[in-house]
Amino acid sequence: MIWTELDTWIVVTGALTAMACAVPGVFLLLNKQSMLGDAISHAVLPGLAIGFLVSGTRDPLPMLIGAVLAGLFTGVVSGVIERRGRVETGASLGVVFCSLFALGLILIRIAADHVDLDPGCVLYGALELAVIDSAPVPRIVWQSGAILFLNLALAAVFFKELQLAAFDPRFAKASGIPSGWIHQGLTIVTALTTVVAFESVGSILVIAMLIVPGATAMLLSRRVAGVLLWSLVVALCSAVLGHLLAISVGPAWLGWLTGHNDLGSLSSAGMMAASAGGIFFTFLAASRLVQRFLPSLQKRTL
Amino acid sequence: MSTHPLEIRSLNVAYHRKMVLWDADLCIRPGRSTAIVGPNGAGKSTLLKAALGLIPAASGEVLFYGEPLKKVRSRVAYVPQRESVDWDFPVSARDVVAMGLYKKIGWCLPVRARHKRMADEALADVGLADFAGRQISQLSGGQQQRVFLARALAQKAELHLMDEPFASVDAATEQAILTLLRRLKDQGGTVVCVHHDLDTVAEYFDDVVLLNMRVVAQGPASEVLTPDNLRKTYGARLTLLDEAVVDLSRPGAPRES
């Protein structure tokens, strides 16, 4: 294994992106809206493509606007379908985001004829390519750092409103705190985060970064603030572990398994998501064991 | 201008194009405790929710202390049904009670030490002083209900709207709630509860509103709780009263929806 400056930037970008996703992810999870994160991360695709088609460049602003609008559209339309069609939340989201995702793929194919846009990049991200940049610090590092800062700042400023809107939206409304607007705001922030994250980890893996750190953190803390903190730690560890596995253990093991010795390295973004999953299952098993054999330890709150 | 804590005029509420409340007229008297009583599906919770603007009303007017809710929100506290939230949520009893103070604290400002003290006082008032730091899933059903009451107490409101506070609680909680209702009234407050137990209505409350999609009767418990009114409210389904049994075949009796 050889560690270069490029590896450092890959880990830094992956970690910043994962942590940026974990923040809105925790609140989606608390709202029992994990599926909304999934839906938004898929539904932003046509928004991005339309942004490309309209502006004709890979200028980030039009694609950002398109994606956020598409994300909002998903939240609103699935809500309408849920009420009017009397179907459950998951089903109405499924209807909306699958259609939008398919539409997005078609649009990207069309857009690809006009601008330099690769469907594969959109789906799986291009972490390894994105960090190759002339500047001393790659643009994508600034970008994911900025969105992490924004999300942390918003979570800190609106902490109690987000907490109340997730726990008891009716009481929030009755006491004059507009839980509906808070949920819309969360949708917007999720869409924004997804757009920034898709460039590094791809639209499909964003869902792992949104949900898995939060789900793991729920096992570790009994306070919303604690859950947030742990989710950041899990996101960071997933990024580091994921890249290490991608460049060292992964290829060797897979190479041995398949008989090929020239696998080079695996997708870092993919391994980061896989690591997040591994961390989740480790803690799940650990918490079960603690419950079983050390119930006194469980009572302590972290 | 009316000084009634809550006045509802011809409130109509529909849910999925089906009427749930017809022309509900209601007047809650100050300084008294009122029970809203009726069969399942009678629209008791709906009445409270529609009055608070939590679900849209088709038509009608709701006034709190003679004003729309927006102007007098700090004078009104709401206690939702215990089942309406997820008690596995990662917050402590103190955190939940402090939620009653969020509006007062204001946007973007954190819960500070004195707010935590206020929350602890409210918890002590419902006999949960020792449970402030517990995560809410580690409380019994009755204790959870008392946490909800403490949250309303912390709001220091004048009118309390409670949705089924006595539903499936233990004896200790029942006593704690009753003591609380008495104290709220002694302090000049008004309490409105959705209630399901006909046996205890007259004992626990001053006034009664009988509801079955329409307001059947309202007034002092002793005047309202007549066999005739109860029959009108519960129709053939009330087997508690001998008279109701005779009426089983009565046409036009409200049916289970």
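**Why these labels: helices, burial, patches and salt bridges**

From the N terminus on, chain A runs α-α-α-α-α-α-α-α-α-α-α-α-α. That comes to 13 helices and zero strands, where helices (H or I, at least four residues) and strands (E, at least two) are DSSP runs numbered from the N terminus.

This is a predicted model, in which local features need pLDDT of at least 70 and side-chain atom pairs count only at pLDDT 80 or more, while totals for chains, interfaces and linings use all residues. Residues are numbered from 1 along each chain as its sequence is written, chains are lettered from A and ligands numbered from 1 in the order in which they are written, and side-chain values use heavy atoms, with hydrogens and water left out.

User: Why is B:Val96 called buried?

Analyst: Buried means under 20% relative accessible area, exposed over 50%, and partly exposed in between (1.4 Å probe, protein chains only). B:Val96 has 0% relative accessibility, so it counts as buried. It lies in helix H2 of chain B. B:Val96 and B:Trp22 are 74 residues apart in sequence and 35 Å apart in space, C-alpha to C-alpha.

User: What share of chain A counts as buried?

Analyst: Of its 302 residues, 51%.

User: Why is A:Ala285 called partly exposed?

Analyst: Its relative accessible area is 40%, so A:Ala285 is partly exposed. A:Ala285 sits in helix H12 (residues 268-293) of chain A. A:Ala285 and A:Ala22 are 263 residues apart in sequence, and 22 Å separate their C-alpha atoms.

User: Which residues of H12(A) are buried?

Analyst: Among them are A:Ser268, A:Met271, A:Met272, A:Ile279, A:Phe280 and A:Ser287.

User: What distance does H12(A) reach, and what is expected?

Analyst: H12(A) has 26 residues and reaches 37 Å from first C-alpha to last. That is close to the 38 Å expected.

User: What makes A:Lys32 and B:Asp86 a salt bridge?

Analyst: A salt bridge is a side-chain nitrogen of Lys or Arg within 4 Å of a carboxyl oxygen of Asp or Glu. Here the closest N and O atoms are 2.7 Å apart. A:Lys32 lies in the loop between H1 and helix H2 (34-55) of chain A, and B:Asp86 in the loop between strand S5 (76-79) and helix H2 (93-98) of chain B, so the pair joins two chains. A:Lys32 is exposed at 59%. B:Asp86, at 26%, counts as partly exposed.

User: How many salt bridges are found over all chains?

Analyst: The search finds 15. One is between B:Lys71 and B:Glu67, at 3.9 Å from N to O. B:Lys71 is exposed at 63%, while B:Glu67 counts as partly exposed at 25%. B:Glu7, B:Arg9 and B:Glu61 are linked in a network of salt bridges.

User: What does the salt bridge of B:Asp120 and B:Arg94 tie together?

Analyst: Their closest N and O atoms are 2.8 Å apart. B:Asp120 lies in helix H4 (residues 113-125) of chain B and B:Arg94 in helix H2 of chain B, so the pair ties together parts 26 residues apart in sequence. B:Asp120 counts as partly exposed at 26%. B:Arg94 also has 26% and counts as partly exposed.

User: Which residues make the nonpolar patch?

Analyst: A:Trp3, A:Leu236, A:Val240 and A:Leu244, with about 320 Å². Accessible areas come from the Shrake-Rupley method with a 1.4 Å probe; for residues, only the protein chains shown count as cover. A:Trp3 lies in the segment before helix H1 (5-30) of chain A. A:Trp3 is partly exposed, at 42%.

Key: Expected span 1.5 Å × (residues − 1). Patch = residues over 30% accessible without salt bridge, like charges linked within 9 Å, V, L, I, M, F, W, Y side chains within 5 Å.
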